[in-house]
Amino acid sequence: MEDLSDRKIKQLDRDFMSEGKSSIEKELEKMEQALGVRPNFFGEPKSLSERARDMTPLSHHIRNFKRILERQTDIDPRKVTRILVSILKHKNITLAEANEIFSIAENKKLVDMVDYTAYIGLLGKFKEVDRAIKAFKRMKQGFTADTLAYTMIIATCALNDRLTLAGEFFEEMKIAQVAPNKQTYATLLEAYGRYHRMDLLKKIYTEMLQENLSLDIKNYNVLINAYAKHGHIQEALRLLNEMRGKGLKPDVITYSTIMSRFGKDGMIDNMVPLVTQMHEDGLKPDSIAYTVLIQAYLKRSLDQAVKMFEVMKQDQVTPTIFIYNLIIEGYFQKKRNEEGLQLITEMFHDPNIVLSVKDCQHLLDNAVLCRAPPEVLETIFDLMNEYNNTYSKDFSRELLVPNTQCYNFLIRSYASASRAVEATAVLERITKSGLQPNYSSYQLILISLCKERFL
């Protein structure tokens, strides 16, 4: 929706805090001069430092704007629109602020269709569909809705899973002889693809072709993703060829979507030509594409997945924690514990990886589930401590302090290995760290002792 709105109200959408005073503040000063409003309308103005301490710049603009709307008459509606739309489009605006300021302007009959459209779009972002519909109906009482207004209310409904209402507004639009444009169709296309309404998706796609509306890469990606997810891989490939025939180059998302379907269907050999095509198109697989490839190869061969992992690093694509975990879990499942531990160490030492305690719990859990020896878990604890020492002064990173759940994984590992004495010793480590063993801690110890007949 941004491109349509920006095209129509381009002069209204400026940065709030550019050099010097913001656009809204300058506009307010012009309004005050024109209306004869004194700067100290509420008494002596606060200093800049005081103003910065007790309010954000946006709230300051809103307060001044409300003051002018509530206290003055004969305001130029064009100036109101300039400021109101800028406020409604600001990224920090809250729903309460938007409702209040728009209500004041609406009651003063100072809003036009541009204001209503911006307000409806904002309500859509806050998922206030019913309130947006009421605003649209009020707008129609004083204005004839244009393409932008209809597209905005359709988007508000469609992208918030109110597809029936979106369809009704779309039909109303055509009955009112307001011509839908490419953005209108693209909005419905995205919504029907997102919510898996294949029947409606096909209908909109057909109408776009009938109206001679050219589809862009984003539109094709929506279609290809929908068909691929529903298992219609041949239709997805047909669309891929169609977009190529129209001179459009697929992007990484296009290829990743189709490769994901091939991977789920076990058609791994079909993925290789797509990777070749990506390179021919001057594209390099990103972490998402490599995730799809590695997941697929893991179903066939761990070594092939590892090879793809190395290719990924050679392409200078940073592995994600998820990708590391895929390979690590593969090593543990194949009882290749040393290689798994080596990769865990690599992950902890990778400066691009920011770990959390939850990530460590996942590693410990996988190690236990794959029956890795307790020494593997102990090494993970050592790596957590080393990580903390390395990044102790980096406040953007979480300290990896083991919690009771982490220790319980270690107890379970010792218990599974029939090493009850060492499992019991972990209880002392829990208390020394300032934590308290929980029910699971004692239950695991008791089970371990019973297995070794120590009771």
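## Helix packing and burial in a predicted model

H15 passes H17 in a left-handed crossing, a term for a near helix turned anticlockwise from the far one by less than a right angle, with right-handed used if it is turned clockwise. The structure is a predicted model, in which local features need pLDDT of at least 70, side-chain atom pairs count only at pLDDT 80 or more, and totals for chains, interfaces and linings use all residues. Residues are numbered from 1 along each chain as its sequence is written, and side-chain values use heavy atoms, with hydrogens and water left out.

The contact between H15 and H17 is made by Val-252, Ser-256, Met-259, Ser-260, Gly-263 and Lys-264 of H15 and by Ile-288, Ala-289, Val-292, Leu-293, Ala-296 and Lys-299 of H17. Contact means heavy atoms within 4.5 Å. By class, these residues are seven nonpolar, three polar and two charged; Ala, Val, Leu, Ile, Met, Phe, Trp, Tyr, Cys and Pro count as nonpolar, Asp, Glu, Lys and Arg as charged, and the others, Gly among them, as polar.

Helices H7 and H9 form another packed pair, and H7 passes H9 in a left-handed crossing. On H7 the contact involves Met-113, Thr-117, Ile-120, Gly-121 and Gly-124, and on H9 it involves Leu-148, Ala-149, Met-152, Ile-153 and Thr-156. The residues of this contact divide into six nonpolar, four polar and no charged.

The table gives the geometry of both pairs.

| Helix pair | Angle between axes | Axis distance |
|---|---|---|
| H7 (residues 113-125) and H9 (residues 147-158) | about 15° | 9 Å apart |
| H15 (residues 252-264) and H17 (residues 287-300) | roughly 15° | within 9 Å |

Axes are lines fitted to C-alpha atoms, for helices over the stretch in contact, and angles run from 0 to 180 degrees between N-to-C directions. The angle makes H7 roughly parallel to H9, where roughly parallel means under 35 degrees, roughly antiparallel over 145, roughly perpendicular 65 to 115, and oblique the rest.

The protein chain has 25 helices and zero strands; helices (H or I, at least four residues) and strands (E, at least two) are DSSP runs, numbered from the N terminus. Of its 455 residues, 49% are buried, which means under 20% relative accessible area, with exposed over 50% and partly exposed in between (1.4 Å probe, protein chains only). Among contacts with a separation of 6 or more, 65% join residues 24 or more positions apart.

Not counting residues up to four places away in sequence, Ile-294 touches Ala-305, Met-308, Phe-309, Met-312, Ile-323, Leu-326 and Ile-327.

Leu-298 is found in helix H17 and is partly exposed, at 27% relative accessible area. Beyond its neighbours within four places in sequence, Leu-298 contacts Ala-305 and Leu-326. Leu-298 and Leu-326 are 28 residues apart in sequence and 8.4 Å apart in space, C-alpha to C-alpha.

Two serines complete the account. Ser-413, in helix H23 (residues 404-416), is buried, with a relative accessible area of 5%. Leaving aside neighbours within four places, Ser-413 contacts Val-368, Ala-372, Pro-373, Pro-374 and Leu-377. Ser-356 lies in the loop between helix H20 (337-349) and helix H21 (357-369) and is buried at 18%.
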